[in-house]
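Hi,

Here is the structure I promised to pass on. Have a look at it first, and then read my notes below.

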Amino acid sequence: MSKDPLLQPYQLKHLTLKNRIMITSHEPAYPEDGMPKDRYRAYHEIRAKAGVAMTMTAGSAAVSRNSPPVFNNILAYKDEVVPWVKRLTDACHDHGCAVMIQLTHLGRRTHWNKGDWLPAVAPSHEREAAHRAFPKQVEDWDIDRIIQDYADAAERMKEGGMDGIELQAYGHLMDQFWSPVTNTLDGPYGGSLENRMRFSLQVIDAVRKRVGDEFILGIRFTADEDLEGGITPEEGLEIARRLKATGQIDFLNVIRGHIDTDPGLTDVIPVQGMRNAPHLDFAGTIRKEIGLPTFHAAKIPDVATARHAIAEGLLDMVGMTRAHMADPLLVKKIAEKREDDIRPCVGATYCLDRIYQAGDALCIHNPATGRELTMPHEIPPADTRKKVVIVGAGPAGMEAARVAAERGHDVTVFEAAPDAGGQVRLTAQSERRREMISIIDWRMDQCLARDVRFRFNTFAEADDVEGENPDVVIVATGGLPHTEVLTEGNDLVVSAWDIIAGDVKPGKRVLVYDDAGDHPALQAAEIIANSGAHVEIMTPDRSFAPDVMAMNLVPYMRALQDKDVRFTVTYRLKAAQKSGNMIKAVVGTDYSKFTEEREFDQIVVNHGTVPMDELYFELKPNSKNLGSVSQEALIFGRPQPLDANPGGDYALYRIGDAVSARNTHAAIYDALRLMKEI
Ligand SMILES: Cc1cc2nc3c(=O)[nH]c(=O)nc-3n(C[C@H](O)[C@H](O)[C@H](O)COP(=O)(O)O)c2cc1C
Ligand code: SF4
């Protein structure tokens, strides 16, 4: 029996949890028609199989029709959910993993223009900044119905085989009643804490009556809103005491903070560059004061911190949620003493940002997450060992090398730079984004453990590649910054990457022209602003840095807004002209023929990259497939055909930004889905 504190069982009422690691509730936006179907089940099942003790499924599963999903949540108000839930719970139970589900009413944290177009309801008319609906103030008959909706949904979950449920009370209807900031009601549901808690206690009562004493019922709640006029830590403790006093609550899942704005949400769920485990000690205080089983998650990405949380008695169950998105096999690797093999969560929060942009949750560097039905988390060996040559050791090339090595192939990687990493290495030069380098370091370790040969400082020519007598050649040479966007004066501008790499020093009065909307513009702007310069960030788009997305934007704004920085949307940089020591920027707009001239001493352009593809085109005539990729084979997981040029010597493929400017996830996914069939 292991002595690892993380691997000790935990008794939650009648339920034995086999270790101390859980996945907290998170909606990856995988439901189909609001139901947790095959994709959903496969996502949880593999994590259950790998040993996580409990998975809290869904996130914010909707109990009522007037709580329409904001990011494709499960519709717990529909009876048809029961058989889908049953298939999900059965699959996880087969691996000894407990399964629960989070239920909620979103209150004002949604929009009336979704679902059945019912008005959002809340205990005040004030809107939430993030979701923007002005709600109807709840009436008595709304309250009565919603209480019944909770009980009905809980009953459905019990019928579906769930071990329990978690009520959501941070930023949603329950704590909208609790918080003086969001509750302006008079009468039985407003005013005193007793009144403000009345709704939640009535829900707990109704649910408990419906599901009986055995079913597990917990609550995930904010015990400190960290917001002016909001729930204080003292009031949070009092709320916890009153919840405990009901005798009906089996666990507390502690949250600190508020989620009504992007910055608030980002402090609750910290992104890369922010402190690890910022609320862990606070959760420990709640556990100590209240004495109920206590769970918590908030950027505990590494096993050492998780172990500390349990060993020091801060928590009973530690949530490692994004850590499990990055590596579903996390618990298995701990149990097998292979912690070094765990694919690290780098806090990029691409996963969470995507769901708020109507996407599904995808991990920046594990493309098999959420694609369990088609992509492997463990790479099976190939039947025949091949000689694989990869050119370029950026994220695409490194993933190709890792997967090829796991397939058992003989792998050589050429890289022109002295180190692996490409754009990711440059990105990681910023202190705030340092965690990104683990995307490369983890792959490097995996490759070195499998004898992949690296030839750094080698700008591979076609002869070098062909001299290796390869069976397969992968061109992952990336791209070069694309700055040729002006009608005149392209030679007067520098690229965002020039600034990030430190090749060009920041000017004093700088225009950062962002015609791509992704990270490099803001990253360069941050470096320039930090040097004390005046910076104007201009984009022709109608919104600002759309591909950076909500939570990732927060640290940038915090780093930029207190400096000499201005943000300009809907203006297009047309041309640049020399003007003495300065550069004259000719600025127009897509909306009219308006133009104006402005002076800067430096213009920085972010406009993606152009592929470095010379080598690929040189190799193409000698390849068996003439570089072609069958998209059908790629998508449906079949080997690539090689009959285009029977006289050719090797199969040739191009991946990542060497094809077109995309992002890290796209580059790594390119590599995984191609290489898993080679
Ligand atoms: C894609 C995604 C969706 C989430 N949705 C919810 C949700 O609906 N309800 C909830 O309580 N927490 C949600 N969370 C927050 C997680 O439960 C967890 O608190 C957060 O990810 C911090 O823990 P971690 O650092 O271990 O990932 C979500 C997280 C992610 C990554
Ligand atoms: S996208 Fe980033 S934060 Fe999300 S799971 Fe992957 S590595 Fe972690």
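**Asp 316 and its surroundings**

The side chain of Asp 316 comes within 2.7 Å of the backbone nitrogen of Thr 294. Before you go further, keep in mind that this is a predicted model. Asp 316 also has a side-chain partner: a polar contact of 2.9 Å links its side chain to the side chain of Arg 287. You'll find Asp 316 in the loop between helix 9 (303–311) and strand 12 (317–319).

Is Asp 316 buried or exposed? Its relative accessibility is 5%, and because buried means under 20%, Asp 316 counts as buried. Leaving out neighbours within four places in sequence, the residues in contact with Asp 316 are Tyr 10, Arg 20, Arg 287, Leu 292, Pro 293, Thr 294 and Ile 310.

**Ligand 1**

Now for the ligands. Around ligand 1 there are 22 residues, and the closest are Thr 24, Ser 25, Tyr 170, Arg 220 and Lys 299. The space that ligand 1 takes up is the largest cavity. Which elements give two or more residues to its shell? They are strand 4 (54–62), helix 10 (321–326) and helix 12. Helix 10 gives the most, with three residues.

Some polar atoms come up to the oxygen atoms of ligand 1:

- Tyr 170 has a polar side-chain atom 2.6 Å from an oxygen atom of ligand 1.
- For Thr 24, a polar side-chain atom lies 2.7 Å from an oxygen atom of ligand 1.
- In Ser 60, an N or O atom of the side chain is 2.8 Å from an oxygen atom of ligand 1.

On its own, ligand 1 has 610 Å² of accessible area, and the protein covers 97% of that.

**Ligand 2**

Helix 10 turns up again here: the largest share of the shell around ligand 2, three residues, comes from helix 10. The residues surrounding ligand 2 include Arg 322, Met 325, Ala 326, Cys 345, Cys 351, Cys 363 and Ile 364. The elements giving two or more residues to this shell are helix 10 and helix 12.

One of those residues leads on to Thr 664. Not counting residues up to four places away in sequence, Thr 664 touches Ile 364, Pro 395, Val 424 and Ile 439. Thr 664 belongs to helix 22 (residues 664–675). With a relative accessible area of 16%, Thr 664 is buried.

Last stop: helix 19 (residues 550–560), which is mostly covered, with nine of its 11 residues buried. Among them are Met 551, Leu 553, Val 554, Pro 555, Tyr 556 and Leu 560. What do the buried residues of helix 19 pack against? The answer is helix 7 (262–268), helix 12 (350–355), helix 18 (519–530), strand 20 (534–539) and strand 21 (565–569).

Gln 523 sits in helix 18 and counts as buried, at 2% relative accessibility. Setting aside residues up to four places away in sequence, Gln 523 touches Leu 426, Thr 427, Ser 430, Arg 433, Ile 500 and Tyr 556. With Ser 430, there is a polar contact between the two side chains, at 2.9 Å.

Cheers

Terms used
Residues are numbered from 1 along each chain as its sequence is written. Chains are lettered from A and ligands numbered from 1 in the order in which they are written. This is a predicted model: local features need pLDDT of at least 70, side-chain atom pairs count only at pLDDT 80 or more; totals for chains, interfaces and linings use all residues. Side-chain values use heavy atoms; hydrogens and water are left out. Buried means under 20% relative accessible area, exposed over 50%, partly exposed in between (1.4 Å probe, protein chains only). Helices (H or I, at least four residues) and strands (E, at least two) are DSSP runs, numbered from the N terminus. Contact means heavy atoms within 4.5 Å. A residue is near a molecule or strand if one of its heavy atoms lies within 4 Å of it. A polar contact is a pair of N or O atoms within 3.5 Å; within protein, one must be able to donate a hydrogen and the other to accept it, and residues adjacent in sequence count only if both atoms are side-chain atoms. Accessible areas come from the Shrake-Rupley method with a 1.4 Å probe; for residues, only the protein chains shown count as cover. On a 1 Å grid over the protein atoms alone, a cavity is a set of points where a 1.4 Å probe fits but cannot get out, and a pocket is an open set with protein on both sides within 12 Å along at least five of seven lines; lining residues have an atom within 4 Å of a point. A molecule sits in a cavity or pocket if more than half of its atoms lie within 2 Å of its grid points.
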